[in-house]
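Open the model in a viewer and keep the selection panel at hand.

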Amino acid sequence: MGPPKAGRTISQNAFESLVKENMEDLGMEPDEALEDAIQTLTLQGVDLSGIVKCIPGVTSVKDNPVIQSLDGLRSIASKLVACQPQLEDENVPTISDEAKVNAIKPTEDLDELVLLLDKLYAECCIETSANTSIATRNGGVEVVTALCSALSEGFERPLVSALKTLAAFLHDLQSTETFRQSDGPKIVVTILNAYSQNENILEGGFAVVAAAATGNEILKESFMELKIDELFLQIMTGETKTNIQSLYDALRVLLTPDDNRVLASQVFGYARRFAKIGIARPLVEVIHEGISSPRMVSASIALKTLAVNEEICKSIAEYGGIDAILHCIDDTSKQNNKAAAKACCSLLSKLAGSDANKSIIVQSGGLDRLMKLASTFSDDPSVLQEIISIICILSLRAPDNAALAIEAGAGDLAIQAMNKFPGVPQLQRQSCFMIRNLAVRNPENRTILLNNGVEKIIRKAKESHESCKDAAVDALRDLGLDNYNT
């Protein structure tokens, strides 16, 4: 069954009315009435996410643990304001910038607040439940954002729990838009600036940034307008080195064009802005720490999103980035670290897009090191695909590199990988691209590859996978074959 049609929703009251009609007008048993209502609405394409599946007269919305926790949070939130909060329907109290926290009882209310937030977070972490949707549909984003605002000048323990819970709530466009309309970006950036030495709050705050900015170009812009790039640099270059995973996640998200609502993303401009203030250097320094560092993989992924043009790619090399990556590749070969291998190879592919960097990689023994890595991960097509991608880029319009790649065993690697994993179309396609680059400007390489039986393998990929067809045709043509398109 496909996803619900966009825009088709139903209120909680309307849902309960339908269940009630099933029981009263059609004589259904309560459980049967509930199941029929769910099936009927689902078949009609109605989005039931966020609806509490209750039976009028038997169970109540108020019995739902998420609703109970939210009600508890609202009660405590009312004590965090100096003036009487105004409630409209089920909306949460608006907490002003002048709100004071001295109305809250120092022990019991704070303990209850942490308990409620942690319970709500746990409920929303149950993957098979609809709890996150229920929470966001019933004011969860508003109330927790407001709590973060009220707690930003004190009460660190509940603030950590609030940030963690808020990040869990921000799971779709509707929830992130609610966060934006609740002045969430300003509140969170204010907290991050105020607690720039507190790792627990930074972890939670940057997790909120990452969740909020995912798939939302407007929120990316909001964070950039609040000069979050300068905050990143301040924290990453501070005296205390932090192991904040979410910091690198947030950086990656801010620089990823993932909002399909916009035709032209601004993230490439943001990347240049990050690069201009010097964010590449501390990222490279993390990679220099090696694969033993818990930050290395995340920093590599973030650095890849930063490397959007020739100038930035060259600057990363000037900071010793290529040397650091190659050393990490050596270590991943020794330690069989798949995550580090893929992250390093993916970053190296991006940096190899610079002609100047191609020479550095090859002159630093990069081809031999990649072949060693391929031997270590010979049974993993995902890593082999990354390695083949790098060699493909290194060989592009570079006949000297193509000759060295063949000498290092790149041709054999492609043939062995294609033979071993015939059912992995992306690997087959990438191998065809690499073979083409190895052959197009190097007649001697064509002979070597053809003598090793590459034609038969390419034709098999062409016949087996539609996505490989064009790449296979190009490879066969540049191998010098006349019947390349048959």
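Which element do the buried residues of α2 pack against? They pack against α1, residues 12-24. The model is a predicted one, and every value in this tour is computed from it.

**Stop 1: helix α2**

Select residues 30-43. This is α2, with 14 residues. From the first C-alpha to the last, α2 reaches 20 Å, close to the 20 Å expected at 1.5 Å a residue.

Now colour Ala-33, Leu-34, Ala-37, Ile-38 and Leu-41, the residues that are buried in α2. Because they cover an arc of only 130° around the axis, they are on the same side of α2.

Then step past the helix to Gly-45, which follows α2 and has a positive phi, near 80°.

**Stop 2: Thr-305**

Select Thr-305 in helix α16, residues 296-306. Is Thr-305 buried or exposed? Its relative accessible area is 14%, so Thr-305 is buried, the limit being under 20%.

Display the side chain of Thr-305 and the backbone of Ala-302. A polar atom of that side chain lies 2.6 Å from the backbone oxygen of Ala-302.

**Stop 3**

Most residues other than glycine have a negative phi.

Asp-183 is in the loop between α8 (173-181) and α9 (184-194). Its phi is positive, near 65°. At 39% relative accessibility, Asp-183 is partly exposed.

Arg-397 is in the loop between α22 (381-395) and α23 (399-408). Phi of Arg-397 is positive too, near 50°. With a relative accessibility of 56%, Arg-397 counts as exposed.

**Stop 3: the cysteines**

A disulfide is a covalent bond between the sulfur atoms of two cysteines. How many disulfides does the count come to? The count is zero. Select Cys-125 to look at one case: it is in no disulfide, and the nearest cysteine sulfur, that of Cys-124, is 7.2 Å away. Cys-125 is partly exposed, at 40% relative accessibility.

Cys-432 is buried, at 0% relative accessibility.

**Stop 4: the whole chain**

The C-alpha trace spans about 80 × 65 × 40 Å along its principal axes.

Colour by accessibility next: 52% of the 486 residues count as buried. The accessible surface of the chain is about 22,600 Å², and 47% of it belongs to carbon and sulfur atoms.

Last, draw the contacts between residues at least 6 apart in sequence. Of these, 72% join residues at least 24 apart.

Methods
Residues numbered from 1 in each chain as written. Predicted model: local features only at pLDDT ≥ 70, side-chain atom pairs only at ≥ 80, totals over all residues. Heavy atoms only, no water. Helix = DSSP H or I, 4+ residues; strand = E, 2+ residues; numbered from the N terminus. Expected span 1.5 Å × (residues − 1). Buried < 20%, exposed > 50% of the residue type's maximum accessible area, 1.4 Å probe, protein only. Arc of directions from axis to C-beta. Contact = heavy atoms within 4.5 Å. Polar contact = N/O pair within 3.5 Å; in protein donor to acceptor, adjacent residues only side chain to side chain. Disulfide = S-S within 2.5 Å. Areas by Shrake-Rupley, 256 points an atom, 1.4 Å probe, with all protein chains shown as cover.
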